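Please keep the sequence and the coordinates in view while reading.

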Amino acid sequence: MLPGFGLTLGTTLLWLSLIVLIPLGALFVKSAALSADQFIAIVTSRRALHAFALSFGLSLAAACVNLVFGAIVVWALVRYRFPGRRLLDAIVDVPFALPTAVAGIALTALYAPSGWIGGLLAPLGIHVAFTPLGIFVALVFIGLPFVVRTVQPALEDLDAELEEAAASLGAGRCMTVRRVVLPTVVPALLTGFTLAFARAVGEYGSVVFIAGNLPNVSEIAPLLIVIRLQEFRYADASAIAVVMLMASLLFLFLINGLQRWTALHTESGR
Amino acid sequence: MRISVIDASKRFGDFTALDRVNLDVRSGELLALLGPSGSGKTTLLRIVAGLDWPDDGQVQFDGEDALSRPAGKRRVGFVFQHYALFRHMTVFENVAFGLRAKPRAERPGETEIRRRVDKLLDLVQLRWLAERYPAQLSGGQRQRIALARALAIEPKVLLLDEPFGSLDAKVRKGLRRWLRNLHREIHVTSIFVTHDQEEALEVADRIVVMDKGHIEQIGTPQQVYSNPQTPFVHEFIGESVVLPVFVQDNQVRFDGRPIGIVPKGMADGAATLFARPFDVTILPARAGDADLKGVVKRIHGIGPARRLEIEIGNEQASRTIEIDASRSRQWHVGQAVSVRPEQYHLFPDRL
């Protein structure tokens, strides 16, 4: 075995414990102060259920939208050469780099009824800021680079000969993309989707500005946790947090399983 | 199917890949495009396949224009150097791809697809691998699967780009013979690209020797080897002894002295003499003979061959050649010898 195994594994375990495992453990300990009945009552209260549905539902929707449009953005960036391509490529990273509060304020200013876009939509009866739609917009914004940046290398690595082979075998463009290109980048698409989704579920900064934060209307689960903390109801906050954690883990496992299943057939080799 | 390439030219930026190339491929023959890298052979193959388009010129299949048809409509089987197998599909699905890609009206039923794929896998002797994925196969197996996949569409012409280029030497030799036999069996017009002269000489019915976007010579392996039409072909195929000479007063001169060779009506001027090493006879020098004189510099080789390094000419214009010499004579370093090309080709230098 390579020397240094004991040292590196020890450091890894210590580090992971400090950064990840101990805080998560503390969360469970805190919520264990509640009885089972209390716990269930808290997490099934109308307000909590609505916050969960909003957070997970909108995150899923935003990740789906990002999957589709992210894939199109990647296709354009990788497959075509046009002036300004590198600039566009850099712009994709903006949601990564921007402090989330700044993004939230910018989006709110744009989509508020007095804002540039909000002003155009308001006469049509579409209200974005201070509604769940606003949350959705913010989650799409922050999730996009995750899809683009994970799929980009996969598409760049895709051998042009594969598509030529399909074409010479008589496959049309549609069939080539569907049966040759897509399956090769599916694992990367899934990873991008997972990352965008996970990020959206935890997103707080940009959402609280645009959401309006009305209980039972546009209040996300992370915000509810913050509210409970400010009310010194720590057990309530941790109970909600535990549910979010479990649900996130479940989603991650599901998507990971799916990923493994697809990767099994596409491992290495040409 | 007969293929005609007429005046085809192709440029990539400043680089001329093909310069007015004309080529006729006979129906049913196995043709090799042979040349160094950058000679345009792969570009020519891709143009025939419909994966590239020429800037000028025409490509005809049986006299009909092929350029207006996309690759998928040319009935061309293309085998890529790196196989280009679909790695998320089993071997079976890879071979079936071309059948499933057919328009609905022509697409065979599932049982018919199974029957035809099995038949192709039998042809390449890999039926037992049908349910494997490409990553689980060896290089030689992948190449044969790529061939089976290309044959599935019953192509009228089979194109192979460096088919054995990324295989190790032993597998390559075996596959070569196998391809030759396969071609004899299915008899589809085939073109393969190679930079390996041995491969071209062994496998092909005819060889097209290319250099810098031009066709240098087209002929049977025997013709290009024994009767090369240009200096490039002589140097590229087989070993050559090369000597810069000068033609003057109906005599071929080296280093100012006649060497006993008649230039057969060639105009005066600089020229190059080419000969195969085994067509050159070495004899102990005798005074007064009008032929090439040299000095033995080194002797090497054991067993049946005895190879001499001989320096020809004086200090200013010396040139070392390597010749197989007779074992029945004794040679020693420093010995003065006569060098007599029995068979040779003389090409005037291009200005």
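Chain B has 8 helices and 20 strands; helices (H or I, at least four residues) and strands (E, at least two) are DSSP runs, numbered from the N terminus. The model is a predicted one, in which local features need pLDDT of at least 70 and side-chain atom pairs count only at pLDDT 80 or more, while totals for chains, interfaces and linings use all residues. Residues are numbered from 1 along each chain as its sequence is written, chains are lettered from A and ligands numbered from 1 in the order in which they are written, and side-chain values use heavy atoms, with hydrogens and water left out.

Taken along the principal axes, the C-alpha atoms of chain B fill a box of roughly 85 × 45 × 35 Å. Of its 351 residues, 52% are buried, where buried means under 20% relative accessible area, exposed over 50% and partly exposed in between (1.4 Å probe, protein chains only). Among the contacts in chain B with a separation of 6 or more, 65% join residues 24 or more positions apart; a contact means heavy atoms within 4.5 Å.

Chain A, by comparison, contains 13 helices and 0 strands. Its C-alpha trace spans about 65 × 65 × 30 Å along the principal axes, and 39% of its 270 residues count as buried. For contacts in chain A with a separation of 6 or more, the share from residues 24 or more positions apart is 76%.

Two packed helices are described by the angle between their axes and the distance between the axes. Here, axes are lines fitted to C-alpha atoms, for helices over the stretch in contact, and angles run from 0 to 180 degrees between N-to-C directions. In chain A, the axes of helix H3 (residues 46–79) and helix H8 (residues 132–157) come within 6 Å and cross at roughly 40°. H3(A) is therefore oblique to H8(A), since angles under 35 degrees count as roughly parallel, over 145 as roughly antiparallel, 65 to 115 as roughly perpendicular and the rest as oblique. By class, this contact of H3(A) with H8(A) has 22 nonpolar, 5 polar and 2 charged residues. In this classification Ala, Val, Leu, Ile, Met, Phe, Trp, Tyr, Cys and Pro count as nonpolar, Asp, Glu, Lys and Arg as charged, and the others, Gly among them, as polar.

H3(A) also packs with helix H12 (residues 221–230) of chain A, the axes coming within 8 Å and crossing at roughly 140°. That angle makes H3(A) oblique to H12(A). Residues of H3(A) including Phe52(A) and Ser55(A) take part in the contact, as do residues of H12(A) including Leu224(A) and Ile227(A).

The largest nonpolar core has 82 residues, and those with the most contacts inside it are Leu33(B), Phe86(B), Phe97(B) and Leu159(B). A nonpolar core is a set of buried Ala, Val, Leu, Ile, Met, Phe, Trp, Tyr and Cys residues joined through side-chain atoms within 4.5 Å. Helix H10 (residues 173–202) of chain A gives the most to this core, with 10 residues. Leaving aside residues up to four places away in sequence, Phe97(B) touches Ala166(A), Leu169(A), Ala171(A), Met175(A), Arg179(A), Val180(A), Phe86(B) and Met89(B). Apart from this core lies another, of 45 residues, among them Leu85(B) and Ile145(B).

Thr194(B) lies in strand S8 (residues 189–194) of chain B. Thr194(B) counts as buried because its relative accessibility is 0%. The C-alpha atoms of Thr194(B) and Leu33(B) are separated by 6.2 Å, although these residues are 161 residues apart along the chain.
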